[in-house]
Amino acid sequence: MNPSAVIYENGGTKLSLIDGKAMLLYNGEAYTFGCQPYEPMAVIYKDDAPMVYIHNAFDVDAACEAFLSDPKYLVNTITRHYHNAEHFCRLLTLAIDRDYDGQIDELEKEMFEQVRWENHEVFYKTDDIEFGRYGDEPEDESDPSEWDEDPDTDILEHPEYEILYVIIDGVKYVLRGNWMSLLSINIAGESGKKAIKTRIHQFNGIPEAYPGYWRRGELFSLVGGGIKYNTEIFCQILAYAVRTGKKDYNLREIEKAIGLRVA
């Protein structure tokens, strides 16, 4: 094989272009690609049989030709995301792992969360609890200028770009806050209603907006008033909610249960 035809290679994964056709070697298996051009829909073949369908995606052969012509090329998808060669290849391998038949946006979301998890930051850790954030969005996912942080307040202009996680008794959860004073604790990797482990109502603030405070572990009040939390206290609240096992809580109920008092 001509080495110049290699688009991306890492361990047992190699994406190449041979005589104008893309080939992926992954976990000891060889895959080829087709395209239904009208969406376009990418189709992944194994032993000449279609096995994966990525809707509204790309033509893999054409994308590989573009990467070969320009190593800095980025694949632009309908979702307005841009993928370098590594992330493009990871989309393909993830689709294979999932026997995927669906839209490009859900596949991109899962791939980027995997990439961010590999670069996660730990804010707090004990024998049974770990709390932190997923790494920053990859540069080829979105424009970093859109999520600058205010250095004086540690409040993000766009907290939706942050993903906070907590591991309690060996199980990983992601935190989803909103402006309606509701914090959801969702099982990582799950989707829909089955992902919701528990919800905490009247949570005055969005935890994702305060990575600097969690990182430093200092006391502060979420969006004014009420009890001040530091990282340890916040983790106690999360652990109580998960371990006690109710589907819905009022925050005041948990504060009282773990012995907190309003300042």
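Start by selecting helix α3 in this predicted model and colouring its buried residues: Ile 104, Leu 107, Glu 108, Met 111, Phe 112, Val 115 and Arg 116. Now turn the view until you look down the axis of α3. The buried residues fall within an arc of 165 degrees, so they line one face of the helix. What do these buried residues pack against? Show β6 (49-55), β8 (82-83), α2 (85-97) and β9 (101-103), and you have the partners of that face.

Next, let's go to the aromatic rings. A pair of rings is described by the distance of the centres and the angle of the planes. With centres within 6.5 Å as the limit, the model holds 17 aromatic pairs. Select Trp 117 and Tyr 134 to see one of them: the ring centres are 5.2 Å apart and the planes stand at 55 degrees, so this pair is tilted. Trp 117 belongs to helix α3 (residues 104-117), while Tyr 134 sits in the loop between β11 (129-133) and β12 (164-168), so the pair ties together parts that are 17 residues apart in sequence.

Are their planes stacked or tilted? The centres lie 4.4 Å apart and the planes are at 20 degrees, so the pair is stacked. This pair also links distant parts of the chain, with Trp 214 in helix α4 (residues 211-216) and Phe 234 in helix α5 (residues 231-244), 20 residues apart. Trp 214 counts as buried at 0% relative accessibility, and Phe 234 is buried too, with a relative accessible area of 0%.

Ring pairs link Trp 214 and Phe 234 into a cluster with Phe 123, Phe 131, Phe 203, Tyr 210, Tyr 213, Phe 220 and Tyr 229. For the last stop, pick Tyr 213 from that cluster and show Arg 216, which lies over the face of Tyr 213 at 5.3 Å from the ring centre.

Conventions:
Residues numbered from 1 in each chain as written. Predicted model: local features only at pLDDT ≥ 70, side-chain atom pairs only at ≥ 80, totals over all residues. Heavy atoms only, no water. Phe/Tyr/Trp six-rings, centres within 6.5 Å; stacked < 30°, edge-to-face > 60°. Helix = DSSP H or I, 4+ residues; strand = E, 2+ residues; numbered from the N terminus. Buried < 20%, exposed > 50% of the residue type's maximum accessible area, 1.4 Å probe, protein only. Lys NZ or Arg CZ within 6 Å of the ring centre and 35° of its normal. Arc of directions from axis to C-beta. Contact = heavy atoms within 4.5 Å.
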